Structures are given as C-alpha cells and as structure tokens.
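Reader: I'd like to learn how to read metal sites and charged pairs in a model. Could you walk me through one?
Author: Gladly; let us look at it together.

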Amino acid sequence: MSTHYNTLLEKVHELNDLQKAIALLHWDREAIMPKAGMAERVQQMTTLTRLAHRMGTSDKFGDLIERAAEEVADDDDESTEKRLVAEVKWQYEQARRLSPELVKRRAEVTGKANGAWQEARAKADFALFEPYLEQTIDIARESAEQYGYDQQPYDALLNLFERGMTTDTVRKTFAAVSDATVPLLQAIVSDGKQIDDSVLHQAFAVESQKAVARTIATAVGYDFERGYLGTVVHPFATSFSRNDCRITSRWYPDFLNPGLFGTLHESGHAIYEQGTDAAFSRTPLARGTSSGIHESQSRLFENLIGRSYGFWQANYSALQAAFPAQLGSVTCDQFYLAINKVQPSFIRVEADELTYNLHIILRFELEIALLNGDLQAHDVPTAWNDKMQQLLGITPPSDAQGCLQDMHWSAAMFGYFPTYALGNLYAVQLYDAALAQLPALKSELEYGEIGGLFSWLHENVHRHGKKYTPDELVTRATGQSLTHEPFVAYVTKKFSQIYGL
Ligand code: ZN
C-alpha cells in the first residue's frame, strides 16, 4: 500500500488512541472514580478532547486525507482502504463545518443546561429548565444550518447518528408503526386480561443478580475474556478495542428486570463490537455503523432472544437456581408472561416491547416542531401530555414523569431519539432474514439454541463494523432497505398470542 495512505493510517491510529483514552476516562468516571475526582476528571477529558479535535480538524490532516483519497480512488468500491478514507474524510468534513464559536457555546450551554435539567427533574418544575431548552434548541438549529441539508434541518441532525436516513422516511415509517401498534395496544388494554408480574417484584439479592446476569450474558455469546461487567447509575456499553468491550448495568434489590434485561441489552451492543473485523483495529471502522444498527443488536439480544419463550426454556433453570425461594415454584410459562406484560407507562426506558416505539414517535414529532419553530419551548409540557394521551392513552402526573425524563435535550442532542425505534425495526428485519435464510433456525430457537443466529449476525452485521452505511448493511443482509413490516407482524403475532386476542 502506498505512502500517503500509510501516513494517514498512522494519524488515524493516533487519533483513535486519543479518543479511546477519553472513552476510558469516561468509563472510569461512571464505574469506579470517587465522586471527589470529578472536577479534575472533567479537565482531563476536556484537555484530551481539545487535542483530539485539533488533530482531527487540522489543515495538514485534511491535505493528507485528500492525497490518500487520490491513491485509493481507483480501488474497488468494496476495498477497506477506500471505505476507511471515505469515513475519515466524512468525519473531518463534519467536524470542520461547525464554527468554533458554536462548538464553544455548545459546551458552555449544555454544561449549564444539564445541571438545570437535573434540578428541574428532581423538583418536577419545568420552568427551571425552559430557558436552557430554548438555548439548546437554538444550538441544534444553528448546527443543522452549519452541517447543511437537502430537504429540512432535521435531516442534518438525523444524519449524524443514522447516515443517509431522512426525516421523510422516518415519518412515513413511524406513521405505519403507530397505525398498527396503537389499535393493538387499545385491544390489549380494553380486553382487560391482567398479566400478573409480581414474581418479578420480589427481594432479589444484588450479588446473585450479578452472578446470574453473567451466566445469561455468556449464554447469548458475550465474551467475558474480552469484556467486563461494571455497575453504574445509567448503563451503557463502551469499547476500547474489539478485545476490550465493556458493559455496565444497574441492580434493583426489589425488581429483576433492570439488571437482567439491561445486561442483555448492553451485551448486544458489546457483542457487535467484539465481532468487528480485526483488520479494522484502531480505526473508525472498528465500531457499529450507526446508532440505529447498534440499537438493533442490543434490542435483538434483549427482546427477540431475551424475551422469547425458547430462550427461557433453555435458561430458566439457571435463574431458578439463583433464586430458589423467589422463583422455585414459578413456572417458565408464568415467568414468560410476566416479562412480556404490556402496559402503557410514562417512562420510556421502562416501556415494554410494544409501547416503546410510541414514546419515540412522540419525541420525534416534538423535536421536528421545535426545530421548525412550530412549537416553543414554553409549550413543551402541554404538547407532550397531549401526545401521551393520543398515543398511549395516559397523562403523566408531573413533568418529571413527562417531558423532563430524558437528558438528551439538555445535551442539545436532537435527532438521536429516532434511532432507538429504528433499532427495534432493524432488529426484527434482520432476525426475519436470518430465519428465511437458515431453514433449521426456527426449531433451534424454539429450544433456545442461538448459535446459528449468532453466526449469521456475525457474518452479516458484526464483522463489517462501520465499513458499510446502515442502508447498505441492511440491504446486503436482508435484500431490502428499512421496512416496518417485520416488526409489525412480530408484535402482532406475539402479543395476540400472549393476550389471547
Ligand atoms: Zn442501547
């Protein structure tokens, strides 16, 4: 391989190393660091972030990218070198588009906005957050203008998290999802069948929860030789290389779901990055291709596997062994129904498989209205509650359980929410494609045997890392672009059976 490309690769490795050092400081801050270390830690992270930004946006780096791009211009479109240069170039151009003034203001405003949001949420007082929300909306709007877009400002923000996805496509897809799931939810609610999930709300010793979560994460294929399970307040997965992909979880002493299914969720994220091609090491290709595809893997492991009947046929005895007093006399069938209870609820992160997307659709619609100026920050609580009533048939008792529940808007992070729901749709689309391509898979999954599915995901998703765009990846794997139909068919069948509709 030629000179400029190799020189660029060296710089890309250095930049990657800096970014991973920042990620490690972040992981440590959340999982281990004593609270007293916060002020210096923020300074350490700021210094490294500034260094990385300087390195990644310099004129010299830009020249090097251009020269390397010329060298690989005639390579096959599938060549990793060509794809890597294109990705580095894209990131470089994006980072250069924002004015230094906006970058600085964003850091200052979001720092204050986060504190105001935390206080507002704790006191359930939206007025404390409102002036900061006005500012983060302005920042999002200005960012969209500086990034640029073809159709509408929201496209520019969406594109940061889901490359190539458009607001129009999301709007049409979400309309189809709500058209199908709102009536299904209404049928479930009005049917009046109550699922008793009290078995999940018992005293579960935290140490036993951790042990069994490790067992279940191992059962779905998370590699602890290249991983680590830590405890945090807000769980996430992070990786420093494909050989060090860490997960975090939280444990409720009186509720089994957050620890167990949260661990499965983060395992899905980490399995994705553990599976990336070793040749991508220390480059931007050694990660998931988009937030939506990343979320498809976490949701696939959490829900399509982790809340399936077959999986618990194979693994329920391990859970019972960990909690003989709590679950010894609870059958696998009872447990399966309990973990699949559908219920309109206020909090997104606690929502079930059917209602989750409705929480996202609400946020998506409000974000667009805020960005376009059709909705003012002041009117967010009313708009939120109206949409909750319309989609889920309930009204939050306070803004803490309504429009103040998520941190995203305090971080000026508009355009991210849709990827959660896109992840749910991609998950079923990929799962169905695997079923269609592997004749034995259906019966394997009925016995909780997931090896075949794991291999298919590795082959069609994980190993490619960020080499392909989300649309390229899903089209290669399933034969078509994003579609809501597999998801709608899946939830309709699953919850009609569970609720006897
Ligand atoms: Zn996730």
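This is a predicted model: local features need pLDDT of at least 70, side-chain atom pairs count only at pLDDT 80 or more; totals for chains, interfaces and linings use all residues.

Reader: Let's begin with the metal. Which protein atoms are the donors of the zinc ion?

Author: The idea is to look for N, O and S atoms within 2.8 Å of the metal, bearing in mind that water is not among the atoms, so sites may look incomplete. Here the protein donors are H265 (NE2), H269 (NE2) and E295 (OE), and they lie 2.1 to 2.3 Å from the zinc ion.

Reader: What spacing do the donors follow along the chain?

Author: Read along the chain, the zinc donors give H-x3-H-x25-E. H265 belongs to helix α10 (residues 257-274) and E295 to helix α11 (residues 291-305), so this pair ties together parts that are 30 residues apart in sequence.

Reader: Are H265 and E295 buried or exposed?

Author: Buried, both H265 and E295. The label applies under 20% relative accessible area.

Reader: Now the charged pairs. What is the general idea, and how many salt bridges does the structure hold?

Author: Side chains of opposite charge can pair when their charged atoms come close. In this structure there are 28 salt bridges.

Reader: Why does K104 count as exposed, and why does E108 count as partly exposed?

Author: Exposed means over 50%, and partly exposed covers the range between that and the buried limit of 20%. K104 has 55% relative accessibility and therefore counts as exposed, while E108, at 44%, counts as partly exposed.

Reader: Which partner does E78 have in a salt bridge?

Author: Its partner is R476, with the closest N and O atoms 3.3 Å apart. This pair links distant parts of the chain: E78 is in the loop between α3 (59-72) and α4 (80-97), R476 is in helix α20 (residues 470-478), and 398 residues separate them. E78 is partly exposed because its relative accessibility is 35%; R476, at 46%, is also partly exposed.

Reader: And where do E353 and K494 lie?

Author: These two form a salt bridge, their closest N and O atoms being 2.9 Å apart. E353 is in the loop between α14 (332-339) and α15 (356-372), and K494 is in helix α21 (residues 485-499), 141 residues apart. Both E353 and K494 are buried.

Reader: Which residues do salt bridges that share partners join into one network?

Author: E66, K89 and E93 are joined in that way.

Methods:
Residues are numbered from 1 along each chain as its sequence is written. Side-chain values use heavy atoms; hydrogens and water are left out. Donors are N, O and S atoms within 2.8 Å of the metal (3.2 Å for Na, K and Ca); water is not among the atoms, so sites may look incomplete. Helices (H or I, at least four residues) and strands (E, at least two) are DSSP runs, numbered from the N terminus. Buried means under 20% relative accessible area, exposed over 50%, partly exposed in between (1.4 Å probe, protein chains only). A salt bridge is a side-chain nitrogen of Lys or Arg within 4 Å of a carboxyl oxygen of Asp or Glu.
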